[in-house]
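I opened a notebook page for this chain.

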Amino acid sequence: MKKIFFLLLLLPLHLFAQEALSSEQFWNNLKSHCGKAYEGVITAGGKEGDGFMGEKLVMHVRSCEENIIRVPFFVGENRSRTWVLTLQDDNRILLKHDHRHEDGTEEDVTQYGGLSSNTGLPNIQFFPADQHTSNMLPLASTNVWWFTLNNTSMTYNLRRIGSDRVFTVKFDLTKEVETPAAPWGYEK
């Protein structure tokens, strides 16, 4: 018993006070916005006629379960898009794009995304396209999505490696906006 006590005294104290992993810090920061909605602007990749330019862009951190956060992304009156983030057992985050028709049924192109390749940083998480995405959308095989998150803004980003395809929406976290209606396929 004395040997165990002695060994415990020799262990550095920082082993007992471990800091949360970067992905957990990101997760908790995003969760702190649960129930809030924010307006965004396209800062890269927008083009006339793309369905995004000129529309009001709003994200709503709608539901926060222990391991799932749902963030609908509204483009004008279109409520078809929801980002679904799932915290995995290994503390990596899975991003899926849930696309729905107005009647709530899934669109043909839905549930694409990827799993973070590591725990990232507290303010940024990357999601390279997974095999499901590659099978469904071969051109999206080289897609990488990422979110940045700090005290004043959150960005949603897409880059298709090897092409000019890039898209970024920056949301102002300092100004809440009115909570939008439920996204298509979700109640209330």
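**Entry 1: pockets**

I start with the term I need. A pocket here is an open set of points on a 1 Å grid, with protein on both sides within 12 Å along at least five of seven lines. Its volume is the space filled by probe spheres set on the points. The reasoning behind the probe is simple: rolling a probe the size of a water molecule over the atoms shows where empty space is left.

The model is predicted, and I keep that in mind throughout. I looked up the largest pocket and found about 500 Å³ of space in it. Several elements give two or more residues to its lining: β5 (78-87), β6 (93-99), β9 (143-149), β10 (153-160) and β11 (166-177). Which element gives the most to this lining? I checked, and β10 does, with 3 residues.

The lining of the largest pocket holds 23 residues. I noted those nearest the centre: Phe52, Tyr112, Leu158, Arg165 and Phe167. Next I sorted the lining by class. I got 13 nonpolar, 4 polar and 6 charged residues.

I then turned to the second largest pocket. Its volume is about 230 Å³. I listed the lining: Lys56, Val58, Phe74, Gly76, Glu77, Arg79, Val177, Glu178, Pro180 and Ala181. By class, this lining splits into 5 nonpolar, 1 polar and 4 charged residues.

**Entry 2: confidence**

How much of the chain scores at least 70 in pLDDT? I read off 90% of the residues, and the chain average is 91. I marked residues 5-11, where the pLDDT is below 50. Beyond near neighbours in sequence, that stretch has 2 contacts in the model. Residues 13-17 also have a pLDDT below 50. I count 2 contacts for this stretch too, again beyond near neighbours in sequence.

**Entry 3: fold and surface**

I counted elements next. The protein chain has 3 helices and 11 strands. In sequence order I wrote down α-α-β-β-β-β-β-β-β-β-α-β-β-β.

Of the 188 residues, 38% are buried. I also looked at the range of the contacts. Among contacts with a separation of 6 or more, 43% join residues 24 or more positions apart. The chain exposes about 10,900 Å², and carbon and sulfur atoms supply 54% of that.

**Entry 4: positive phi**

Most residues other than glycine have a negative phi. I noted two residues on the positive side.

Asparagine 91 has a phi of about 70 degrees and is not a glycine. I placed asparagine 91 in the loop between β5 and β6. Is asparagine 91 buried or exposed? Buried means under 20% relative accessible area. Asparagine 91 is at 18% relative accessibility, so it counts as buried. Leaving out residues up to four places away in sequence, I found that asparagine 91 touches Leu21, Ser23, Glu24 and Thr119.

Glutamine 111 has a positive phi of about 60 degrees, and it is not a glycine either. I found glutamine 111 in the loop between β6 and β7 (112-115). Its relative accessible area is 25%, so glutamine 111 is partly exposed.

**Entry 5: loop residues and their partners in space**

I went back to the loop between β5 and β6 for glutamine 88. With a relative accessible area of 29%, glutamine 88 is partly exposed. Where does glutamine 88 make contact, neighbours within four places aside? I found Leu94 and Leu115. I also took a C-alpha distance: glutamine 88 and serine 116 are 9.9 Å apart in space and 28 residues apart in sequence.

Serine 32 came next. I located serine 32 in the loop between α2 (22-31) and β1 (37-44). Its relative accessible area is 43%, so serine 32 is partly exposed.

Not counting residues up to four places away in sequence, isoleucine 161 touches Thr142 and Val144. From isoleucine 161 to alanine 140 I get 9.1 Å, C-alpha to C-alpha, at 21 residues apart in sequence.

Methods. Residues numbered from 1 in each chain as written. Predicted model: local features only at pLDDT ≥ 70, side-chain atom pairs only at ≥ 80, totals over all residues. Heavy atoms only, no water. Helix = DSSP H or I, 4+ residues; strand = E, 2+ residues; numbered from the N terminus. Buried < 20%, exposed > 50% of the residue type's maximum accessible area, 1.4 Å probe, protein only. Contact = heavy atoms within 4.5 Å. Areas by Shrake-Rupley, 256 points an atom, 1.4 Å probe, with all protein chains shown as cover. 1 Å grid on protein atoms, 1.4 Å probe; cavity = no way out; pocket = protein on both sides within 12 Å on 5 of 7 lines; lining within 4 Å. Nonpolar A, V, L, I, M, F, W, Y, C, P; charged D, E, K, R; others polar. pLDDT = per-residue confidence, 0-100.
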